[in-house]
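The sequence and structure are shown first.

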Amino acid sequence: MSVGTDVIEPRPAVPAVEGGRTRRRWLNWLFVIPAILFQFFWGWYPMVIAIFLSLTNAPIRGAVTFRGIENYVRLASDPLVPMAFRVTLIYGILSIILTFIIPIITAILLMEMPPKTMRVMMILWFLPLSGIASTLFWQYLYNEKFGIFQYIATAVLGLPPQAFLSSERLVLFWLIVPGIIMYGPGLYYIAGLQGIPKSYYEAAEVEGAGFWRKIWTISLPRLRPIISMTLLFSIIGSLQEFTFPDLMTRGGPNGASRTVVMYMFTLLNNGRIGDSTALAVMLFALIMVFVLVFRLVFKSDPDV
Amino acid sequence: MILVPELAGVLQPAPRKESRCFMSPSTRINRRQFLNMMAAGAGALALSACGVKAGDGTGTTPGGGAVSNVKLLTAGWPIDVPFANATPGFQVGYNKAFQAWLDLNPGVSVERIEFNVWDTAGLRTAVAGGTAPFHYPIGVLGGWNVPGIQASNAEGLFADITAAFEKHKVLDLLDPKVAANSSRWKSQDGKIFGIPYEVVSSEGFFYNREHLAEIGMDSLPLNWKWTDMREWALKMTKGDRKGLAMAAYALDWILPTYGIDFDGLLSHYPVPGKGFNWRWDFTTFVDDIVEGVELWRAMNFEDQSVYTDPNFWDYSQNGQLAAAFYDGRASMTPGIHLFFSDMAGKMNKTILEADEFMGFNRQPLGPLGYTYQLPFSNSAWAFNPDLNEEELDKAVSLFTYMLLSDGFVTTTQEIYNVNKDPSEIIRAIRWPFANKFSETIPGVEGSLSAATGKRFSEAINTIFSQPKQPEVGEYVPPEVNRGPGDTPWYDKLTRWGYSQDPFDVKADAAELENILNQQAKTFPSSVDPDAFAAGINKYYADMAAYLQANAPEFYEKRFIPFYDLRIKPEFG
């Protein structure tokens, strides 16, 4: 069709269009169904079952007895439950501050470095470290008697011996520190930053924008979709934290690092499956509240 | 008994306080969980090291006849499929024995599945879902204590094997001491739900004889106390060497000897008819808690005689504590007697050389002569409740044959024939055995206890022959409604043991008491109050008699006041 003519090309025959659309629709479903089934069996079904079990005695074998909100009432009067939620929230907030914001800054600064340096840093960030092995390694670093951190604190910095993981006040902070190094959302940010056309920055420079101005008006807004996604994952992940504190401290000292999921697991191992699932449902509700608030408050579209 | 030397790492957690974690079969970070985790990893490793291959997968039965068509699934231990490319000794012996059983039982096949029977949550799920192997350790689901095991049985997690047990005359195959100690495999109404597999000492300490000789001692006395431990550990501390290597559970060993524990004799008491049947009291004898905490912290922080850390959970023969012991950086290290032969292997010593190098003793007593420890207990194995009658019969038959009777003899004879040294049997199978062959085995020359090492075997026999104190789980009906777990108790132990923040033990003890009692109020009980009261009455009567005979000072100064305060008013 050439521009400027009044000739209107005839539409394709309607039956052909319908047939094509139908086929496309089928194809679409064909590709989507495995994901839906997967989500159904591994996500929604367990979720519904968990909600159901949380209202029962949840025996391992034998008849299931409906108990209403008895499990929830029991958890509500268990002093360890609010304690675990408090620890989880503090851990989540600290974790987001330290392992989410710092990598953004680092990524932006890295972009200003020579490409070779940047590549090396990316490799370091993306090293395929084993989570468990790293955790054990950190356990030794923190050891109060022969750990290298104690050596640095006492022999190098001249400080008194530090308690590290034995300090109830600071244990959560020390647990999060390895995440700054091990957790690598910085890689996503670098990828996002690399996707921003250079012409944006060049145009800004022509207009006289400085380093900070470019970050504020170009880099951060353009990173917003990535920030939004990783922040959401960070919130969910930190509220579900289990492995690292469990391996490092087993929740101690005095329960100061016991998260909700750790307590859930303890209840499960104690054979209190109903209580454990009730706690899981409570955590699920809390996470959903956070996610909803986040979705309402945080706009991921950079052009909004 | 352990059938493979490497499997010495796959140990059953020690039978320390029997009623630990009253209604909870397994609790958060106690030593058992650690041991289970150890076992989980070590099992696969050990079996692969032994050349075990699921390989052909089945021990298919030759011949025909009255074919049963039974297939048993095993997670690989202690009953496994035959070794592929078996090496002379244990492996060949095991294969011979296995084949002999298959010949007697046509139509039965055994198939190896990938499953970790030491993972509590995994095993619980498998039993619930009907995918569990044919046998698994009772303690994993039962929390290694009598109340938990009995409760798990009442929940239907273990098959009732009474008929097969009687048919195969299992009782006659057991060591009499083991047979008499049935609370971990027999219900109060006489039904059998497990078969003893190993005899396990309570936790104790291995010590370096040479280091002990340096302070003028030949061996640790049976009735030593924690104050002795402090004194001798300090004396043996020299340069970089520490007198003691100790796991983070130190206070969980010390305080119970004062009668204070999550389920300690003096710190928890029965209250029938008020929902959950138990309440906690950590304030009446709080001065004892203070004393115990001060003793440990003095050893750790003042004497500097202990190699320890709040993250040292591993006190197995494979852990960092044992490593310090092996290379002389520590003079004593915690463990259970089952570690002995594996420790010898770790140090490249023969069994007899290991006996010269190290000794073993039970834990020290409390200041008033009380110990919460049992002399020994039986680690028993349960059978899958989804097996039908015929499958159960074959499963019990196989288990019994291989571990308690002819198959055991065939296996050990083969080891002896290859090595001409009975101590190689001890290296392969942990001694003493639950069967009747701990002293002699047909076709094997010499005494097994002598082959274990004179001093070690004497120490073990002495420990095992101590009087057994009553276990409350043997007296009261099983409680299937789980009560509070021991999480709050361990919270306080981690603070008291290692925290460098200021804390007040007395305030903590009161808080601990409040938390547990607050939790307890929300739990119902499944037990009939009258039956509970009857059992409790008998339990405390027997306990009083035991204490009078074995810990008279503790009886006078602690038990009587406790009894007058907590038991008499409720039970008259």
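## Interface and helix packing

In this predicted model, a salt bridge joins the side chains of Asp501(B) and Arg169(A), with an N to O distance of 3.5 Å. The count of salt bridges between chain B and chain A is four. The contact draws on 49 residues of chain B and 40 residues of chain A. Between the two chains an area of about 3,600 Å² is buried, with carbon and sulfur atoms giving 45% of that area. On the chain B side, the residues that lose the most area to chain A are Arg124(B), Asn311(B) and Asp501(B), and together they account for 15% of what that side buries.

Two packed helices are described by the angle between their axes and the distance between the axes.

| Helix pair (chain B) | Axes come within | Crossing angle | Handedness |
|---|---|---|---|
| H23(B) (529–550) and H24(B) (552–571) | 9 Å | roughly 165 degrees | left-handed |
| H16(B) (389–404) and H17(B) (406–419) | 4 Å | roughly 35 degrees | right-handed |
| H12(B) (286–303) and H22(B) (505–521) | 10 Å | roughly 125 degrees | right-handed |

For H23(B) and H24(B), the axes cross at roughly 165 degrees. Because angles over 145 degrees count as roughly antiparallel, H23(B) is roughly antiparallel to H24(B). The residues of H23(B) in this contact are Ala533(B), Ile536(B), Asn537(B), Tyr540(B), Met543(B), Ala544(B), Leu547(B), Gln548(B) and Asn550(B). They meet Pro552(B), Phe554(B), Tyr555(B), Phe559(B), Phe562(B), Tyr563(B), Ile567(B) and Phe571(B) in H24(B). By class, this contact of H23(B) with H24(B) comprises 14 nonpolar, three polar and no charged residues.

The axes of H12(B) and H22(B) cross at roughly 125 degrees, and the two helices are therefore oblique to each other. H12(B) contributes Val286(B), Asp287(B), Ile289(B), Val290(B) and Val293(B) to the contact, while H22(B) contributes Val505(B), Lys506(B) and Ala509(B). These residues divide into six nonpolar, no polar and two charged.

H16(B) passes H17(B) in a right-handed crossing. In this pair, Tyr401(B), Met402(B), Leu403(B) and Leu404(B) of H16(B) meet Asp406(B), Gly407(B) and Phe408(B) of H17(B). The contact of H16(B) with H17(B) has five nonpolar residues, one polar residue and one charged residue.

## Backbone features in loops

Pro253(A) lies in the loop of chain A between helix H11 (243–248) and helix H12 (260–269).

In chain B, the peptide bond from Trp431(B) to Pro432(B) is cis, and its omega is near -5 degrees. The loop that holds Pro432(B) runs between helix H18 (423–428) and helix H19 (448–452) of chain B.

Ala58(A) is not a glycine, yet its phi is positive, at about 45 degrees. This residue is placed in the loop between helix H1 (14–53) and helix H2 (70–76) of chain A.

Definitions and conventions: Residues numbered from 1 in each chain as written. Chains lettered and ligands numbered in written order. Predicted model: local features only at pLDDT ≥ 70, side-chain atom pairs only at ≥ 80, totals over all residues. Heavy atoms only, no water. Axes fitted to C-alpha atoms, helices over the stretch in contact; angles between N-to-C directions. Parallel < 35°, antiparallel > 145°, perpendicular 65-115°, else oblique. Left-handed = near helix turned anticlockwise from the far one by under 90°. Contact = heavy atoms within 4.5 Å. Nonpolar A, V, L, I, M, F, W, Y, C, P; charged D, E, K, R; others polar. Buried area = accessible area lost by both parts, 1.4 Å probe.
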